[in-house]
Amino acid sequence: MQEEKDKKALPPIARRPRGFNDIRVDVLANSQSIISAIMTTYKAWGFEPLETGAMEYSDCLGKFLPDDDRPNAGVFSLQDDDDQWMSLRYDLTAPLARFVAEHWDSLPKPFRRSAAGPVWRNEKPGPGRYREFWQCDADTVGSARPEADAEIIAMGGAALEAAGIGNADYCMKVSNRKLLDGLLQEVGVNVDDISSRLVIMRAIDKLDRLGETGVTDLLGAGRKDPSGDFTHGANLNPSQIDKILAFTRTRRDSRAATLDALSVVIGGNILGNEALEELAKIDATLTSLGVKSSNAEFDPAIVRGLEYYTGTVFETDYLRETKDENGRSVRFGSIGSGGRYDDLVMRFRRERVPATGYSIGVSRLMAALECAGNKPIAPEGPVIILCLDNDYIANYFKMAQELRAGGIAAEVYLGASGMKAQMKYADRRAAPLVVIEGSNEREKGTITLKDLKLGARLAQSIEDNSAWRAERPAQKEVARTDLVAEVNAMLAANK
RNA sequence: GCAGUGGUAGUUCAGUAGGUUAGAGCGCCAGUUUGUGGAGCUGGAUGUCGGUGGUUCGAGCCCACCCCACUGUACCA
């Protein structure tokens, strides 16, 4: 009892829930610029921005309804005061389906929507995996044409390049669910047996990581991983497995060649032919949009784990080899993915509403850019006006207002420490320069401007600290009346 | 979820066969005769040694359970 009371008296330990990140100004500046580059591209291709709320009624989000046993499995859920379950959205596609179904009659069709925002998943976080993260999506709802898929694919590449990914560093890998369904029919697997179809899809999805031997195990009896964990397999026989593996090897260096190879394997099948026709149209559209095979290729080994895709599927591979801080090479998962989901809106309305879309994971994209050595944006802080003389603080505020009126971000130091500490503060705030007015300057009607960025550059050759300080480099005494003009000149000189 | 590894200052780590007041680098804070950040000088602060219980005269070190982190694996609509 007593102990419990003592525990209660302790203050809470400041800590952040795992999987949720604090984002400081340097990272924030970069993610905002990436998001804006992507959204600008989406807009240029005719996609209208739409923002929806963070929560949806759980039954609108899909199959993951909270139940009594695990009300929060996968999603964050809570019960509203009218007892309805609500959940934080786990992607931007499900809210789109809800919105479209709700407003179908008043929407222009096809409806082309872009969206950027955070999504939440109640899962175990890992490196590069968070419980809150941003996605940038674009979707075309109400067009069944393969050209709609092609356009999304081409635009996805354009968006990535706008965000800073090099043209040679990514490849959109495109396939079609119907290819696999056709193949499974031919091989004698019951396609309507959803669970075995899913096991097979997930097995193929792991090709890049586990290789053909691992996937062979997963398609057969099952696989035991090095840690001793056992994964049940699809229990196919060796000849079925061979045919599936042969199918996954039909990728060629050009889209046309892959189509030829595929038609040999799957051509006789009705679903397979449908898929081939769609892919051929996608190829033609990509070609007319100027998208090379090196940036968008057909790869039948791409299946994607998600159940809701009905046709075209694609994901974006980041190609550049990257190393972590220990020099080990890092494998990035896809930095974006998408596909056609013709049945998602059908949950709300009886009619089938074909839709296709693409989603970019912002933090993963940032990690890729960072590993590739892209120079991050260094955010710039305000001009700091030192407060050397409390009796004259009014003067400092006046200077700040003059600078702001001149379009320059400025701030008066409001702490209580000495000059050295104030310089340190300005340094930490990434201030481009500081304004100094002590009694020396005031008596002369001048101010001293110190260029922190130039100083930083000069400091690289510093050998003797006291001499360095005596020299007072990178600073300049100017007339008080020229404050705004001189600050502007110094800022311009540093661009 | 399953398996392996680990948990000592803000951080990276050291801690010798269980023995007195638990250490180092970096970082942080303050001062350095009106004046100057990023590599000067001087001084300073900081740890429920992940938690709880146990063994012991004595536990950072040994034992049990729990928590958390990392790695692999599964799931990821």
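I count Ala, Val, Leu, Ile, Met, Phe, Trp, Tyr, Cys and Pro as nonpolar, Asp, Glu, Lys and Arg as charged, and the others, Gly among them, as polar. The model is predicted, so I ask for pLDDT of at least 70 for local features and 80 or more for side-chain atom pairs, while totals for chains, interfaces and linings use all residues. Residues run from 1 along each chain as its sequence is written, chains are lettered from A and ligands numbered from 1 in the order in which they are written, and side-chain values use heavy atoms, without hydrogens and water.

**RNA strand B**

I looked up the surface near RNA strand B (a heavy atom within 4 Å). It divides into 14 nonpolar, 11 polar and 18 charged residues. Of the 43 residues there, Arg129, Arg202, Leu306, Ser439 and Ala456 come nearest.

A polar side-chain atom of Asp427 sits 2.8 Å from a base nitrogen. For Gly438, a backbone N or O atom is 3.2 Å from a base oxygen. Helices 14 (419–428), 15 (439–444), 16 (452–458) and 17 (465–471) each give two or more residues to this surface. I take helices as DSSP runs of H or I, at least four residues, and strands as E runs of at least two, numbered from the N terminus. Helix 14 supplies the largest share, 6 residues.

**Helix 12**

In helix 12 (residues 362–371), I found Val362, Leu365, Met366, Ala368 and Leu369 buried (under 20% relative accessible area, 1.4 Å probe, protein chains only). They are on the same side of helix 12 because they cover an arc of only 160° around the axis, taken from the directions from the axis to the C-beta atoms. Just after helix 12, Gly373 has a positive phi of about 80°.

Conventions:
Polar contact = N/O pair within 3.5 Å; in protein donor to acceptor, adjacent residues only side chain to side chain. Buried < 20%, exposed > 50% of the residue type's maximum accessible area, 1.4 Å probe, protein only.
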